[in-house]
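Work through the exercises below with the sequence and the model at hand. Each task is followed by a worked solution.

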Amino acid sequence: MERYSQYQTIKLTRSEPGILEIGMGEEGKLAVADATGHRELADVWREIDADPQTSVVIVRGVGKGFSGGGDLELVEAMANDFETRARVWREARDIVYNVINCSKIIVSAMHGPAVGAGLVIGLLADISIAAKNARIIDGHTRLGVAAGDHAAIIWPLLCGMAKAKYYLLLCDEVRGEEAERIGLVSLCVEEHELVDKAREIARRLAQGSQSALCWTKYSLNNWLRMAGPAFDASLALEMLGFSGPDVREGLASLRQKRDPSFNPGSA
């Protein structure tokens, strides 16, 4: 595990031979992606791809939920500083493409809130498992920016364009059972079964033909690669939004815990 010793915001453990677990957050807390955490979520997949001891990766939250979205200080820095915005754009791009191109099979286990950069991995995972109490939310438009990250590349393919537009435009939460019903996730289980189910599936995958599994993943992910231009455009438009006035109102409303009041003429 020495190759992963530099990571500060995610905990990497070897639960069984061939299986690597990534834990986000801390006990009793919800994982929030600050500048360091966002970078690490982008970089770790290259390391995993080159790890000969890993066949399957489990990604889960170890605290009150799966992931809690971006740190508000990072959001403010993106709104105020071009260099920060450009850096986060590169990292957000790399999170998506590095997950898609990682040759190892990825299993996500989501409970409680699942938002932000963590949700990117949760839904792009090869097998996604949600607890019944999972609350999947893409909150970009609530913040006042376009739904970039993973939204354009994966939501329409998983749950169809009508459902994707409904949830991405309104920022309504998708509970675990509904996420399974509409095809947004692979499975839904009780929360107390979540980790055991993820490990059971990972164990079965680790015992399978790695060439067959990896090459099947590579072939299927060409559907996502074909959607690359749509993703690139959505991410660029999200970053454009961080230079505008709506994100400042969205950020202020989150801090003040009130509904935002956006300028209807901003588009």
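**Exercise 1.** How many residues line the largest pocket, and which of them lie nearest its centre?

Solution. The model is a predicted one. Its largest pocket has a volume of about 650 Å³. The lining consists of 30 residues, and G69, G70, V75, V115 and L143 lie nearest the centre. By class, the lining residues split into 17 nonpolar, eight polar and five charged.

**Exercise 2.** Which helix gives the most to the lining of the largest pocket?

Solution. Start with the helices that each supply at least two lining residues: α2 (72-80), α3 (82-101), α4 (116-124), α5 (140-143) and α12 (228-241). Of the helices, α2 gives the most, with four residues.

**Exercise 3.** Classify the aromatic pairs of the model, of which there are two.

Solution. Take Y97 and F231 to begin with. Their ring centres are 5.3 Å apart and their planes meet at 85°; edge-to-face requires over 60 degrees, so this pair is edge-to-face. Y97 belongs to helix α3 and F231 to helix α12, so the pair ties together parts 134 residues apart in sequence. F231 has 0% relative accessibility and counts as buried.

Next, take Y166 and Y167. This pair is also edge-to-face, at 5.1 Å centre to centre with 90° between the planes. Y166 is partly exposed, at a relative accessible area of 42%, whereas Y167 is buried at 7%.

Technical notes:
Residues are numbered from 1 along each chain as its sequence is written. This is a predicted model: local features need pLDDT of at least 70, side-chain atom pairs count only at pLDDT 80 or more; totals for chains, interfaces and linings use all residues. Side-chain values use heavy atoms; hydrogens and water are left out. On a 1 Å grid over the protein atoms alone, a cavity is a set of points where a 1.4 Å probe fits but cannot get out, and a pocket is an open set with protein on both sides within 12 Å along at least five of seven lines; lining residues have an atom within 4 Å of a point. Grid points are joined across faces, edges and corners, and a volume is the space filled by probe spheres set on the points. Ala, Val, Leu, Ile, Met, Phe, Trp, Tyr, Cys and Pro count as nonpolar, Asp, Glu, Lys and Arg as charged, and the others, Gly among them, as polar. Rings of Phe, Tyr and Trp (its six-membered ring) pair if their centres lie within 6.5 Å; planes under 30 degrees apart count as stacked, over 60 as edge-to-face and the rest as tilted. Buried means under 20% relative accessible area, exposed over 50%, partly exposed in between (1.4 Å probe, protein chains only).
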